[in-house]
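Please look over the structure shown here before reading on. The paragraphs below take up its charged pairs and then its annotated residues.

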Amino acid sequence: MEKTFLMVKPDGVQRQLIGEIVGRFERKGLQLIGAKLMTIPVSLAEQHYGEHKGKPFYDDLVSFITSGPVFAMVWQGENVVELTRKMMGKTNPKDAEPGTIRGDYSMFVSKNIIHGSDSPESANREVALFFNENELVEYDKLINSWIY
Ligand code: DGI
């Protein structure tokens, strides 16, 4: 089953949106297999956002993501990467549709409350960056026969 890395960013944690965001993915039918509240060290933030190094917003992005706790998660399901990107909405909340997480709860591109891997390849890379194998829990979700 496909996996993805999702993270409620420091603004989402401070705004008490963890439960709301987790609830949306649960109700969709996705399966949570790993989660932790953590403060990201600068070195991990730089690896995670390596593709943006050199861009004008890079330094602010690294300071923002390390500024307070995040809620890091691994979810699995069929096409979970594409599905969760759709549920998150566009990167800039001004373009994110109502009904999406960013569209419903955020106003500004650098405070867009959630991160989600944008391809199965980046999902594998990001899951491995944030989680050890022994932090991921494989289990049968009995309700799956009513979902798939
Ligand atoms: O995968 P996404 O988070 O949707 O988007 P991304 O990987 O292109 O960018 C990572 C984060 O960097 C994004 O969630 C918010 C921030 N960002 C992206 N583009 C801009 C930006 N921040 C500012 N201030 N300006 C930008 O143009």
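**Charged pairs and a pocket**

Arg24 and Glu20 stand 4 residues apart in helix H2 (residues 18–28), so about one helical turn separates them. Helices (H or I, at least four residues) and strands (E, at least two) are DSSP runs, numbered from the N terminus. This is a predicted model, in which local features need pLDDT of at least 70 and side-chain atom pairs count only at pLDDT 80 or more, while totals for chains, interfaces and linings use all residues. Residues are numbered from 1 along each chain as its sequence is written, and side-chain values use heavy atoms, with hydrogens and water left out.

Side chains of opposite charge can pair when their charged atoms come close. Arg24 and Glu20 form a salt bridge through their side chains, at 3.0 Å from N to O. The term salt bridge stands for a side-chain nitrogen of Lys or Arg within 4 Å of a carboxyl oxygen of Asp or Glu. Arg24 is buried, at 16% relative accessible area, whereas Glu20 is partly exposed at 28%. Here buried means under 20% relative accessible area, exposed over 50%, and partly exposed in between (1.4 Å probe, protein chains only).

Arg24 also has a salt bridge with Asp104, at 2.8 Å from N to O. This pair links distant parts of the chain, with Arg24 in helix H2 and Asp104 in helix H6, 80 residues apart. Asp104 is partly exposed, at 36% relative accessibility.

Another salt bridge joins the side chains of Glu135 and Lys36, at 3.1 Å from N to O. Glu135 lies in the segment after helix H7 (120–130) and Lys36 in strand S2 (residues 31–38), so the pair ties together parts 99 residues apart in sequence. Salt bridges with shared partners join Glu20, Arg24 and Asp104 into one network. The whole structure holds 6 salt bridges.

Which residues carry the "binding site" annotation? The unreviewed UniProt entry lists Lys9, Phe57, Arg85, Thr91, Arg102 and Asn112. The lining of the largest pocket includes Lys9, Phe57, Arg85, Thr91, Arg102 and Asn112. UniProt positions follow the numbering used here, feature names are shortened, and annotations may be inferred rather than shown by experiment. On a 1 Å grid over the protein atoms alone, a pocket is an open set of points where a 1.4 Å probe fits, with protein on both sides within 12 Å along at least five of seven lines; lining residues have an atom within 4 Å of a point.

Arg102 sits in helix H6 (residues 101–105) and is buried, at 4% relative accessible area.
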